Number of protein chains: 2
Amino acid sequence: MSGKITELFNIKYPIIQGGMIWNSGWRLAAAVSNSGCLGLIGAGSMHPAIFKEHIQKCKKATNKPFGVNLPMIYPQIDELIQIIIDEDVKIVFTSAGNPKIYTSFFHQNGIRVAHVVPGVKFAMKAQEAGVDAIVAEGFEAGGHNGKDETTTFCLIPMVKKEITIPLIAAGGIATGKGMLGAMILGADGIQMGSRFAASLEASSHENFKNEIVKAKDGATMLTLKEVTPVRLIKNKFFNQIQEAIINGASIEEQQKILGKGRAKKGMFEGELEDGELEIGQVAGLIDSIESVKKIIEDILIEYKEALSDMNSEKYCIL
Amino acid sequence: MSGKITELFNIKYPIIQGGMIWNSGWRLAAAVSNSGCLGLIGAGSMHPAIFKEHIQKCKKATNKPFGVNLPMIYPQIDELIQIIIDEDVKIVFTSAGNPKIYTSFFHQNGIRVAHVVPGVKFAMKAQEAGVDAIVAEGFEAGGHNGKDETTTFCLIPMVKKEITIPLIAAGGIATGKGMLGAMILGADGIQMGSRFAASLEASSHENFKNEIVKAKDGATMLTLKEVTPVRLIKNKFFNQIQEAIINGASIEEQQKILGKGRAKKGMFEGELEDGELEIGQVAGLIDSIESVKKIIEDILIEYKEALSDMNSEKYCIL
């Protein structure tokens, strides 16, 4: 096995779509896979029956490889894993848990495993657990994140120094230049969430997609650090929780304010004030909702232009 | 004037040394300038008489251009500015304040001005104020930082979209690959602090330099966000302030715990437990204390290798 992400997953371009809750249904995953990249169905927001339905629909919509993102803290995880086996899904991205528990079982079933980490120690543990690739996700990424707050610019070279298996950079990447920059820092490929959340095919609510387009520098913030760190758009709910934290609210009080179903409310039902709107800082670079095909074409064009621009005077140091 | 940082400051390589308090005396600035880059004396921790002495010593130690870093919240700023004029310093990097106040005065005195910002809005205001270059500093940078927490990977392309004057990337950069990556994202040059803090010539205490070398992923954290956001190594003082914040300490209570002189204590006097140890996340990539000459040589070698590696199969997308 070469270090190439494209060979590992049998895809054309080393671009992976993040398996985001409430955003990454079969339409998004199939569109990404049909464009030569790797689409992922986000299991984290799906009941088992819905998950099975999305996999079946995705198989009908593409004959290219696709995978699923599996948060290992999911309550009915064994049911989901059975569905993955039954439906013959061959690629699993795991997150939020110990990769030792399932990796060898997945391998025995011919499934490739990538594990998402926010820091160097977790990356080393995942490699030790035998996963096939690491996704190292920086502080700027949307949604749930690590406690150490290491940014993509620092995380990628630090992880690269310690691991030998393929490395996928995530967090802050939405453009061809970002892709090339991440690869220079040590990544073999990239994972993008936010850019695909603002696509026509994402299953999220149009209101949420419009908020991504509107978001500028400073629009998001990592919060709920003592409960479970998550990057959100600063809306009414964010302000409410942030004020409570500054005033010394306990973890229990914060959990009470959070309640249940906020992510669904915000991203899937489009309630912009009371819902959780999980998106990365890079939303500030996203100016339009596009089809997956157009998004990937634009990234590849910019990547290739940036690569040939490397011969220009700008980069020449005598 | 071309967009080139090298022409703007009449230097050989587009590398600027951050003017860090308690680290950036005349020895560091002169060594950086003598190596073909731009050295900056950090005025923020100097009394006016000491500042004048450092400028005079720097002029004796190098015949290359050098500059000063001037935090505009400095209490005796007018005295410092008079010294800059009297001593004929021709490059000033301003930070922490409104660039409108002094930029035209500096220009009337033939002084080039760069302004350090943590976000897009500040960058646009600085360009409007007529500064000659922008330093955009990401969340991962050591020391004082912005409230929006935008990382280098997101900040550089966002600022680049909005300004036309030269752009210098700061925060998270300590290597040749980091330099190349930042330039692909839109920077015309880079500013490095942490890497030069761990140099033989930095005026900081050896204990502090050793802490930089020891620091791994997760060693630093941005704290005191309601008082004045600052990235520190997690030591006893950090834990004390962090615990107070979590327990709802008011701004006044936090200021009382902080007290005065913590930065000097930590970085200049080497008190590792009770002092403030301001350093960037990129400390995790710094494994040794080196001479400035060696640091710059290594960065240039790695930069050139990374640039020629762009023709390799890794980057080829068909």
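Two strands pair if DSSP finds at least two bridges between them, with strands (E, at least two residues) and helices (H or I, at least four) taken as DSSP runs numbered from the N terminus.

Hi everyone! What you see above is a predicted model, where local features need pLDDT of at least 70, side-chain atom pairs count only at pLDDT 80 or more, and totals for chains, interfaces and linings use all residues. Residues are numbered from 1 along each chain as its sequence is written, while chains are lettered from A and ligands numbered from 1 in the order written.

Let's begin in chain B. Two bridges join strand 7 to strand 11 (residues 230–233), and B:Gly143 has B:Arg231 as its bridge partner.

Now over to chain A. Helix 6 (residues 120–128) and helix 7 (residues 152–162) have axes that come within 9 Å and cross at roughly 35° (axes are lines fitted to C-alpha atoms over the stretch in contact, with angles from 0 to 180 degrees between N-to-C directions). Which residues make the contact? Helix 6 of chain A brings A:Val120, A:Ala123 and A:Met124, and helix 7 of chain A brings A:Met158, A:Val159 and A:Glu162. Contact here means C-beta atoms, placed from the backbone, within 7 Å.

Finally, the two chains together: 44 residues of chain B are in contact with 44 residues of chain A. On the chain B side, helix 8 (176–184) gives the largest share, six residues. Thanks, all!
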